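Try each task before you read its solution.

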Amino acid sequence: VSQSRYAQGCLPVGVTKRHIGNKFMVTLSYKGVNRNLGDYNTSEEAFLVYKKHKEDLAKLLAVENKHLLLEKEYEALYNYEVDFYD
């Protein structure tokens, strides 16, 4: 278990627990800017939002940079899937 995973506890990647309100917050960073993607009732619900946004972003980056990538790299980025504990 990595240090960041230990600090995060048992929450999925991209999800933090709010201290007030018992909600789970989703944050996604892109080009140095953090975006709050909302608060959710369960960590699983929050993770699914994070997963969708992160995978959509990977597809966008693959398409935008296809001319710079080898076909194998393009396919890997385009087909990237976020795992619960990435």
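**Exercise 1. Work out whether Asp-56 is buried, partly exposed or exposed, and find its salt-bridge partner.**

Solution. Keep in mind that this is a predicted model.
- Step 1: Asp-56 has a relative accessible area of 37%. Buried would need under 20% and exposed over 50%, so Asp-56 counts as partly exposed.
- Step 2: Look for a charged partner, and you will find Lys-52, whose closest N and O atoms with Asp-56 are 2.5 Å apart.
- Step 3: Lys-52 and Asp-56 both belong to helix H2, four residues apart, or about one turn of the helix. An α-helix has 3.6 residues a turn, so residues three or four places apart point the same way.

**Exercise 2. Find which residue forms a salt bridge with Glu-55, and decide whether the two are buried or exposed.**

Solution. 
- Step 1: The partner of Glu-55 is Lys-51, with 2.7 Å between the closest N and O atoms.
- Step 2: These two also sit four residues apart in helix H2.
- Step 3: Now the accessibility: both Glu-55 and Lys-51 are buried.

**Exercise 3. A search of the whole structure finds three salt bridges; explain what the one between Asp-39 and Arg-18 ties together.**

Solution. 
- Step 1: The side chains of Asp-39 and Arg-18 meet at 3.0 Å, N to O.
- Step 2: Asp-39 is in strand S3 while Arg-18 is in the loop between S1 and S2, so this bridge links parts that are 21 residues apart in sequence.
- Step 3: Asp-39 is partly exposed at 38% relative accessibility, and Arg-18 is partly exposed at 31%.
- Step 4: Look across from Asp-39 in S3, and you will see Met-25 standing opposite. S2 and S3 pair in the antiparallel sense over seven bridges. Together S2 and S3 make a hairpin with two residues between them, and Lys-31 in the turn has a positive phi of about 55°.

**Exercise 4. Describe what surrounds Leu-37.**

Solution. 
- Step 1: Leu-37 is found in strand S3, and its relative accessibility of 11% is why this residue counts as buried.
- Step 2: Leaving out residues up to four places away in sequence, Leu-37 touches Val-26, Leu-28, Val-49 and His-53.
- Step 3: For a distance across the fold, take Gly-14: its C-alpha atom is 9.9 Å from that of Leu-37, although 23 residues separate them along the chain.

**Exercise 5. Which residues touch the most other members of the largest nonpolar core, and which element gives the most to this core?**

Solution. 
- Step 1: The core has 14 residues, of which Val-26, Ala-46 and Tyr-50 touch the most other members.
- Step 2: S2, S3 and H2 each supply at least two residues of this core, and H2 gives the most, with five.
- Step 3: Zoom in on Ala-46. Beyond residues up to four places away in sequence, Ala-46 touches Val-15, Phe-24, Val-26 and Tyr-40.
- Step 4: Widen the view to all of H2, which runs over residues 43-64 and reaches 31 Å from its first C-alpha to its last, close to the 32 Å expected. Its buried residues pack against strands S1, S2 and S3 and helix H3.

How values were computed. Residues are numbered from 1 along each chain as its sequence is written. This is a predicted model: local features need pLDDT of at least 70, side-chain atom pairs count only at pLDDT 80 or more; totals for chains, interfaces and linings use all residues. Side-chain values use heavy atoms; hydrogens and water are left out. The expected span of a helix is 1.5 Å times one less than its number of residues. Contact means heavy atoms within 4.5 Å. A nonpolar core is a set of buried Ala, Val, Leu, Ile, Met, Phe, Trp, Tyr and Cys residues joined through side-chain atoms within 4.5 Å. Buried means under 20% relative accessible area, exposed over 50%, partly exposed in between (1.4 Å probe, protein chains only). Two strands pair if DSSP finds at least two bridges between them. A salt bridge is a side-chain nitrogen of Lys or Arg within 4 Å of a carboxyl oxygen of Asp or Glu.
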